[in-house]
Amino acid sequence: HAWQFGQRGPDTHRAVMLVGTGGYACGGRWQPRVQFEYDFATGDNNPADGKSREFHNLFPTNHPYYGYADLVGLRNLHDLRGTGAVTLHPKVIVELDYHHFFLAAPRGPWKNAGGRILASDPLGRFGRDLGHEVDLTVRLPLHKHLNFLAGYSAFVPGRFAIHNRGPETHHFGYIQTTFQFGQMR
């Protein structure tokens, strides 16, 4: 959890975020793992009332937490997440994440991972349901200093997203390479 308080420009700022997670990992050849998580960050229903309520994720690392498509950040958010993973080979880990995203404040804006407004409904007519995201990732460490991550993400819009941005499913594929210099301690 985290609390934010103080002044944000002329507004009094009060915001909070909470994360709860639990899961189970098995031993054996495939080392299966399941995990369930709930993420919450306050939003602001009325930006003109002199009170700032939206949680600000200052230096976000969103990929591993709120979906690789980066359509959601830790602000104005309820995120119900389920994860399953298996180790196919000592160096190949396959992970499947499912997210169901909702707005915490239905009249507050939907913002992506970088804080850009994707849509808003100041009257709150279209509900809270942003949509569902599925992320499939494959991790392949080739060397102690070289790792690959490949994945595919699909975002299926919910009622709020459909009314504001359309019904199209968003697809996102990627390959990521990480090279580490020196030793990590």
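Two strands are taken to pair if DSSP finds at least two bridges between them, and the elements themselves are DSSP runs numbered from the N terminus, with helices (H or I) of at least four residues and strands (E) of at least two. S3 also pairs with strand S5 (residues 77-89), again in the antiparallel sense and over 9 bridges; here Gln35 stands opposite Thr83.

The model is predicted, so local features need pLDDT of at least 70 and side-chain atom pairs count only at pLDDT 80 or more, while totals for chains, interfaces and linings use all residues. Residues are numbered from 1 along each chain as its sequence is written, and side-chain values use heavy atoms, with hydrogens and water left out.

Seen as a whole, the chain has 2 helices and 11 strands, which run β-β-β-β-α-β-β-β-β-β-β-α-β from the N terminus on. Its C-alpha atoms fill a box of roughly 55 × 40 × 30 Å along the principal axes. Of the 185 residues, 39% count as buried, where buried means under 20% relative accessible area, exposed over 50% and partly exposed in between (1.4 Å probe, protein chains only). Among contacts (heavy atoms within 4.5 Å) between residues at least 6 apart in sequence, 59% join residues at least 24 apart.

The largest nonpolar core holds 19 residues, of which Val72, Leu74, Trp110, Leu130 and Phe160 touch the most other members. Strand S2 (11-25), strand S8 (117-119) and helix H2 (159-165) are the elements that give two or more residues to this core. Such a core is a set of buried Ala, Val, Leu, Ile, Met, Phe, Trp, Tyr and Cys residues joined through side-chain atoms within 4.5 Å. Beyond its neighbours within four places in sequence, Leu74 is in contact with Met17, Phe40, Ala41, Phe55, Asn57, Asn62 and Tyr66.

Polar atoms of the Glu133 side chain do, however, lie 3.1 Å from the backbone nitrogen of Tyr68 and 3.2 Å from that of Ala69. With neighbours within four places in sequence set aside, the contacts of Glu133 include Asp97, His99, Phe101 and Ala154.

Ala154 is found in strand S10 (residues 146-157) and counts as buried because its relative accessibility is 13%. Not counting residues up to four places away in sequence, Ala154 touches His132, Glu133, Val134, Thr169, His170 and His171. Strand S10 also holds Leu149, which is buried with a relative accessible area of 6%. The contacts of Leu149 outside four places in sequence are Tyr68, Thr137, Val138, Arg139, Tyr174, Ile175 and Gln176. Leu149 and Thr83, 66 residues apart in sequence, lie 17 Å apart, C-alpha to C-alpha.

Key: A polar contact is a pair of N or O atoms within 3.5 Å; within protein, one must be able to donate a hydrogen and the other to accept it, and residues adjacent in sequence count only if both atoms are side-chain atoms.
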